[in-house]
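Trainee: I would like a close look at one part of this model. Please take me through the ligand site and then the strands.

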Amino acid sequence: MGVKLGILGLGTVGTGTVQLLQDKSFRHPLLQEVEIYRVGVRSLDKPRAVTLPDSVLTTDLEAIVSDPAVDIVVEVMGGLEKARSLILKAIQNGKHVVTANKAVISRFGDEIFTAANQAGVYVMLEAAVGGGIPVIQPLKQSLSVNRIHTVTGIINGTTNYILTRMQTEGGNFSDVLADAQRLGYAEADPTADVDGLDAADKIAILASLAFGGRIKLKDVYSEGIRQVSKTDIAYAEKLGFVIKLLAIAQSAAPLAAIANRTTPSSPSSPSSPLISVRVHPTLVPKAHPLASINGVNNAILIEGEPIGQVMFFGPGAGAGATASAVSSDILNLVAALKKSKTALNPLLACAHQDYCQIVPMAELVTRFYARFLTKDQPGVIGKLGTCFGNHGVSLESIVQTGFQGELAEIVVVTHDVQEGDFRQALTEIQTLTAVDSIPSLLRVV
Ligand code: NAP
Ligand code: HSE
């Protein structure tokens with residue numbers, strides 16, 4: 001007997017998935033057992049790129065998730081509340097779920113995985129992060145024998161495309177964004193992408209898998225790329241860096257060691273991992289493996305023991321890429337359905353019970369890049385150095401290379417510092433009469 005799919009959504013991802021599943025020529029033989037049984041859409045009148053019998057297409061998505069014949073619900077409709085409630089109903093009705101919806105998982109993952117574990121079903125999400133890049137299952141399985149230190153990703157293609165063009169063409173953010181929208185690389189409402197929210201959803205998911213605890217999305221610091229200027233990109237270039245929107249999840253053990261702290265300041269239970277999770281534009285040394293990831297591509301660098309560094313690279317979006325990821329989840333579920341249903345396979349299910357503890361940004365240890373506009377007078381660099389020294393901030397480089405009108409432009413790169421100390425130094429610097437403004441402040445890996 002075949003495995004019946006109820007697919008919610010027939011847009012970019014849904015259409016790609018149906019196309020892949022309909023082409024039986026060169027896939028894994030288990031996919032032959034899959035039947036596209038129902039596909040839920042908003043409009044039956046819309047022209048479709050795939051041909052499906054009339055009996056398959058429906059606008060009644062509730063009926064799909066409660067149909068006893070459906071084995072696997074594939075949620076590729078997007079959105080929040082409706083998708084959440086349909087996923088939960090599918091789970092309550094004993095169906096396994098595949099979803100590409102990082103926004104739902106990062107917000108409601110706790111509720112969804114708890115319900116799935118209680119119902120004895122799987123929720124699979126390979127397409128939710130990195131599009132076609134296999135990174136969820138590797139983190140759950142092949143890499144789970146390692147102690148992961150850091151996950152660093154370029155996991156938003158839109159912002160990587162914009163920053164790459166600003167880098168290569170010297171353009172302004174707003175001009176490049178407008179062109180990216182015209183060419184279809186950026187959405188009409190680019191907020192989720194350019195403000196770092198999409199990347200925050202995705203790093204919350206990766207962090208949870210890498211560090212073995214659930215993550216509250218509100219604890220993920222996120223800063224987008226709107227304020228990245230062509231001036232900073234040019235300075236970064238001169239200093240040997242490129243600017244990328246990085247999503248970083250990092251074990252706090254090395255951070256605490258650098259900061260000479262042995263215990264976290266927030267209360268902890270011994271079993272909860274202490275990590276930092278953040279998204280922000282970052283100066284990346286040109287020799288760093290992520291520096292050369294350009295355009296809409298995504299890449300995720302995972303560092304751990306004993307494996308060292310592993311990097312996953314590929315298309316982070318698009319019909320074919322996401323269809324590959326969604327179908328790989330379907331394949332895993334078809335295999336699982338063939339086995340006895342006595343217990344969930346812990347390598348496919350979510351096994352996390354506790355939340356990770358998130359290090360406050362003030363305690364983060366990182367390098368900084370800052371650009372100052374100051375009066376062009378003797379002693380200014382010395383005064384800046386004194387303020388930094390007062391707060392234990394050690395400078396790697398300080399250069400004055402340009403002017404903006406009457407004002408001198410001074411660029412500073414620090415050694416590793418605690419963010420709170422660095423910000424205190426900046427507060428003191430802002431009181432100096434010679435300092436006009438601090439137009440840019442970026443972190444450095
Ligand atoms: P999309 O092109 O906008 O397609 C959404 C589909 O869902 C459409 O077929 C739409 O029906 C249907 N739909 C939406 N709301 C509905 C509702 N309330 N009732 C019935 N049908 C509804 O979206 P997409 O780009 O495929 O993305 C789907 C999901 O995959 C999202 O969670 C997204 O974040 C994720 N994802 C997308 C990509 C990508 O490359 N696009 C990559 C990774 C992850 P109609 O066709 O009738 O309008
Ligand atoms: N909007 C996302 C990006 C693709 O620009 O990477 C879907 O995850």
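Trainee: How far is an oxygen atom of ligand 2 from an N or O atom in the side chain of Thr 158?

Mentor: The distance is 2.5 Å, from an oxygen atom of ligand 2 to an N or O atom in the Thr 158 side chain. Keep in mind that this is a predicted model. Taken alone, ligand 2 exposes 260 Å². The protein buries 79% of that.

The side chain of Lys 102 places an N or O atom 2.7 Å from an oxygen atom of ligand 2. Asp 193 meets a nitrogen atom instead: an N or O atom of the Asp 193 side chain is 3.0 Å from a nitrogen atom of ligand 2.

Next, the shell. Around ligand 2 are Lys 102, Asn 156, Gly 157, Thr 158, Asp 193, Asp 198, Lys 202 and Ala 317. By class, the shell residues split into 1 nonpolar, 3 polar and 4 charged. Two helices matter for this list. Helix 6 (157-169) supplies at least two residues of the shell around ligand 2. Helix 9 (197-211) also supplies at least two. As for the space itself, ligand 2 takes up the largest pocket.

Ligand 1 also sits in the largest pocket. Alone, ligand 1 exposes 900 Å², of which the protein buries 78%.

Backbone atoms contribute to the contacts of ligand 1 too. A polar backbone atom of Leu 10 is 2.7 Å from an oxygen atom of ligand 1. For Thr 12, a polar backbone atom is 3.0 Å from an oxygen atom of ligand 1. In total, 21 residues surround ligand 1. The closest are Leu 10, Val 13, Lys 46, Arg 48 and Gly 318. The shell around ligand 1 divides into 9 nonpolar, 8 polar and 4 charged residues.

One open sheet has 6 strands in the order 3-2-1-4-5-6. Its pairing is parallel. Strand 3 (57-58) and strand 6 (123-124) are the edge strands, and each pairs on one side only. Within this order, strand 1 (residues 3-8) pairs with strand 2 (residues 34-40) in the parallel sense, over 6 bridges. Ile 7 stands opposite Val 39 in strand 2.

Strand 7 (residues 147-154) and strand 11 (residues 297-305) run antiparallel and are joined by 7 bridges. Val 151 faces its counterpart there: Ile 302 in strand 11 stands opposite. Strand 11 also joins strand 12 (residues 308-315), again antiparallel, through 8 bridges. Glu 303 has Gln 309 in strand 12 as its bridge partner. Strands 11 and 12 form a hairpin, with 2 residues between them.

Key
Residues are numbered from 1 along each chain as its sequence is written. Chains are lettered from A and ligands numbered from 1 in the order in which they are written. This is a predicted model: local features need pLDDT of at least 70, side-chain atom pairs count only at pLDDT 80 or more; totals for chains, interfaces and linings use all residues. Side-chain values use heavy atoms; hydrogens and water are left out. Two strands pair if DSSP finds at least two bridges between them. Helices (H or I, at least four residues) and strands (E, at least two) are DSSP runs, numbered from the N terminus. A residue is near a molecule or strand if one of its heavy atoms lies within 4 Å of it. A polar contact is a pair of N or O atoms within 3.5 Å; within protein, one must be able to donate a hydrogen and the other to accept it, and residues adjacent in sequence count only if both atoms are side-chain atoms. Accessible areas come from the Shrake-Rupley method with a 1.4 Å probe; for residues, only the protein chains shown count as cover. On a 1 Å grid over the protein atoms alone, a cavity is a set of points where a 1.4 Å probe fits but cannot get out, and a pocket is an open set with protein on both sides within 12 Å along at least five of seven lines; lining residues have an atom within 4 Å of a point. A molecule sits in a cavity or pocket if more than half of its atoms lie within 2 Å of its grid points. Ala, Val, Leu, Ile, Met, Phe, Trp, Tyr, Cys and Pro count as nonpolar, Asp, Glu, Lys and Arg as charged, and the others, Gly among them, as polar.
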